[in-house]
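Dear colleague,

Please find below the structure that I am handing over to you.

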Amino acid sequence: MASDRERLRHIVDALSDDEARELLAVVRQRSGEQAPKRRPSWVGALHEGPDFAKQAKETIRAELSGGQ
């Protein structure tokens with residue numbers, strides 16, 4: 001007969017990545033463990049390419065100058 005740990009491993013292995021992420025959040029909450037801090041999604045956006053970086057810089061410059 002399989003142990004509880006073995007059955008749990010089998011179930012977890014069958015989960016999709018999204019399902020595993022959700023289950024991990026529940027387990028962390030129940031155990032009191034803090035989830036690792038994630039970087040905001042916009043971090044590194046200026047490194048996506050020259051056009052994106054140029055557009056972002058122009059937008060920031062326009063905002064700082066009052067839209068002039």
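Residues are numbered from 1 along each chain as its sequence is written, and side-chain values use heavy atoms, with hydrogens and water left out.

The term pLDDT stands for the predictor's confidence in each residue, from 0 to 100. Its average over the chain is 79, and 75% of the residues score at least 70. Confidence is highest in α1, at 92, and lowest in helix α3 (residues 50–64), at a mean of 77. Where pLDDT is low, the predicted coordinates should not be read in detail.

As to the overall architecture, the chain contains three helices and zero strands, in the order α-α-α from the N terminus. Helices (H or I, at least four residues) and strands (E, at least two) are DSSP runs, numbered from the N terminus. Of the 68 residues in the chain, 6% are buried. The accessible surface amounts to about 6,900 Å², and carbon and sulfur atoms account for 53% of that surface; such areas come from the Shrake-Rupley method with a 1.4 Å probe, and for residues only the protein chains shown count as cover.

Let me return to Arg7. Which residue forms a salt bridge with Arg7? The partner is Asp4, and the closest N and O atoms are 2.1 Å apart. A salt bridge is a side-chain nitrogen of Lys or Arg within 4 Å of a carboxyl oxygen of Asp or Glu. Asp4 and Arg7 are three residues apart in helix α1, so about one helical turn separates them. Asp4 counts as exposed because its relative accessibility is 58%.

Helix α1 also holds Glu6, which counts as partly exposed because its relative accessibility is 44%. A polar atom of the Glu6 side chain lies 3.1 Å from the backbone nitrogen of Ser3.

The whole structure has two salt bridges. One of them joins the side chains of Asp18 and Arg21, at 2.7 Å from N to O. Both residues belong to helix α2, three residues apart, or about one turn of the helix. With a relative accessibility of 49%, Asp18 counts as partly exposed.

Helix α2 itself has 15 residues and reaches 21 Å from its first C-alpha to its last, close to the 21 Å expected at 1.5 Å a residue; the expected span is 1.5 Å times one less than the number of residues. Just after α2, Gly32 adopts a positive phi of about 85 degrees.

Finally, there is a nonpolar patch on the surface, formed by Leu8, Val12, Leu23, Val26 and Val27, with about 390 Å² of accessible area together. Two or more residues of this patch come from each of α1 (4–13) and α2 (17–31), and α2 gives the most, with three residues. Patches are made of residues with over 30% relative accessible area and no salt bridge: like charges are joined within 9 Å, and nonpolar side chains (Val, Leu, Ile, Met, Phe, Trp, Tyr) within 5 Å. Val27, found in helix α2, counts as partly exposed at 45% relative accessibility.

Yours sincerely

Methods: This is a predicted model: local features need pLDDT of at least 70, side-chain atom pairs count only at pLDDT 80 or more; totals for chains, interfaces and linings use all residues. Buried means under 20% relative accessible area, exposed over 50%, partly exposed in between (1.4 Å probe, protein chains only). A polar contact is a pair of N or O atoms within 3.5 Å; within protein, one must be able to donate a hydrogen and the other to accept it, and residues adjacent in sequence count only if both atoms are side-chain atoms.
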